[in-house]
Amino acid sequence: MAIEKKNNRRTGTAYENRAVLFLREKGYQVLEINFYTRFGEIDIIAMDGNYLVFVEVKYRKSTNMGTALESVTPAKQRRIIQSARYYIYHKFFREDIPCRFDVIAFEGEKVIHIPNAWHA
C-alpha cells in the first residue's frame, strides 16, 4: 500500500510538472504549485492576464474507472473553492480580483485544458 501511494504521488508530480510547462507555454505566470490548506490542495495557482487561476490537474492512464474530468466532483470543487478563498485572503489579493477554476486533464498522452471549468 505505501509503495502504491508513493508511486501515485510520483506520477501526480510528473503530470503537475507537465501542466506547469503547458501553462507557461500558453503565457500563464505560475505563482504556486501544490498549495495546501486545511480544506485541501490546489495543484497550481497562476495568473492569466488579470485572472487569478486555480488549476486542478488530473491524470488517468485509461478511462476504465471514468475520465479524468469526471473525477473533479462537486465535493472536490467545493474544497478547491474554499482553498482558493483562503489563498486570496492570506496572500492579500483584493477580494474583487477576477478568478477562475481550470482543469488540465491528461488521458493517456492526450492533454485537455478546460478554462473556467466551474464557477464559485
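The legends below describe close-up views of a predicted model.

The model is predicted: local features need pLDDT of at least 70, side-chain atom pairs count only at pLDDT 80 or more, and totals for chains, interfaces and linings use all residues. Residues are numbered from 1 along each chain as its sequence is written, and side-chain values use heavy atoms, with hydrogens and water left out.

**View 1. The open sheet of five strands.** The strands follow the order β1-β2-β3-β4-β5, and their pairing is mixed. Strands (E, at least two residues) and helices (H or I, at least four residues) are DSSP runs numbered from the N terminus; two strands pair if DSSP finds at least two bridges between them. β1 (29-36) and β5 (110-118) are the edge strands, each pairing on one side only. From one strand to the next, the twist averages 25°. Axes for such angles are lines fitted to C-alpha atoms, for helices over the stretch in contact, and angles run from 0 to 180 degrees between N-to-C directions.

**View 2. Strand β3 and its two partners.** With strand β4 (residues 99-107), strand β3 (residues 51-60) pairs in the parallel sense over nine bridges. Along this pairing, tyrosine 59 stands opposite phenylalanine 106 in β4, and glutamate 56 stands opposite valine 103 in β4. With β2, strand β3 pairs in the antiparallel sense over five bridges; here leucine 52 in β3 is the bridge partner of methionine 47. The two strands β2 and β3 form a hairpin with two residues between them, and glycine 49 in the turn has a positive phi of about 65°. β3 is largely enclosed by the rest of the structure because seven of its 10 residues are buried. Buried means under 20% relative accessible area, exposed means over 50%, and partly exposed lies in between (1.4 Å probe, protein chains only).

**View 3. Helix α2 across the sheet, with serine 83.** Helix α2 (residues 74-90) lies across β1, β2 (41-48), β3, β4 and β5, and runs at about 145° to β3. Serine 83 is part of this helix and counts as buried, at 0% relative accessibility. Leaving out residues up to four places away in sequence, serine 83 touches Phe35, Thr37, Phe39, Gly40, Glu41 and Ile42, where contact means heavy atoms within 4.5 Å. Serine 83 and arginine 38 are 45 residues apart in sequence, yet their C-alpha atoms are 7.8 Å apart in space.

**View 4. The largest nonpolar core and phenylalanine 101.** A nonpolar core is a set of buried Ala, Val, Leu, Ile, Met, Phe, Trp, Tyr and Cys residues joined through side-chain atoms within 4.5 Å. The largest one has 16 residues, of which Ile42, Ile45, Leu52, Phe54, Tyr87, Phe101 and Trp118 touch the most other members. At least two residues of this core come from each of β2, β3, α2 and β4, and α2 gives the largest share, five residues. Apart from this core lies another, of 13 residues, including Ala19, Val30, Ile44 and Ala46. Contacts of phenylalanine 101, leaving aside neighbours within four places in sequence, include Phe54, Ile80, Ala84, Pro115 and Trp118.

**View 5. Leucine 69 in the loop between β3 and α2.** Leucine 69 is placed in this loop and counts as partly exposed, at 32% relative accessibility. Residues up to four places away in sequence aside, leucine 69 touches Val103, Ala105, Glu107, Ile112 and Ile114. From leucine 69 to isoleucine 104 the C-alpha to C-alpha distance is 8.3 Å, across 35 residues of sequence.

**View 6. The largest pocket.** The space in this pocket is about 510 Å³. On a 1 Å grid over the protein atoms alone, a pocket is an open set of points where a 1.4 Å probe fits, with protein on both sides within 12 Å along at least five of seven lines; lining residues have an atom within 4 Å of a point. Grid points are joined across faces, edges and corners, and the volume is the space filled by probe spheres set on the points. The lining has 17 residues, and Asn8, Gly12, Lys58, Tyr59 and Arg60 lie nearest the centre. α1 (2-25), β2 and β3 each give two or more residues to the lining, with the largest share, seven residues, coming from α1.

**View 7. Two residues with positive phi.** Most residues other than glycine have a negative phi. Phenylalanine 92 has a positive phi, near 60°; this residue is in the loop between α2 and β4 and counts as exposed, at 75% relative accessibility. Asparagine 116, also not a glycine, has a positive phi of about 55°. Asparagine 116 is in strand β5 and is partly exposed, with a relative accessible area of 35%.
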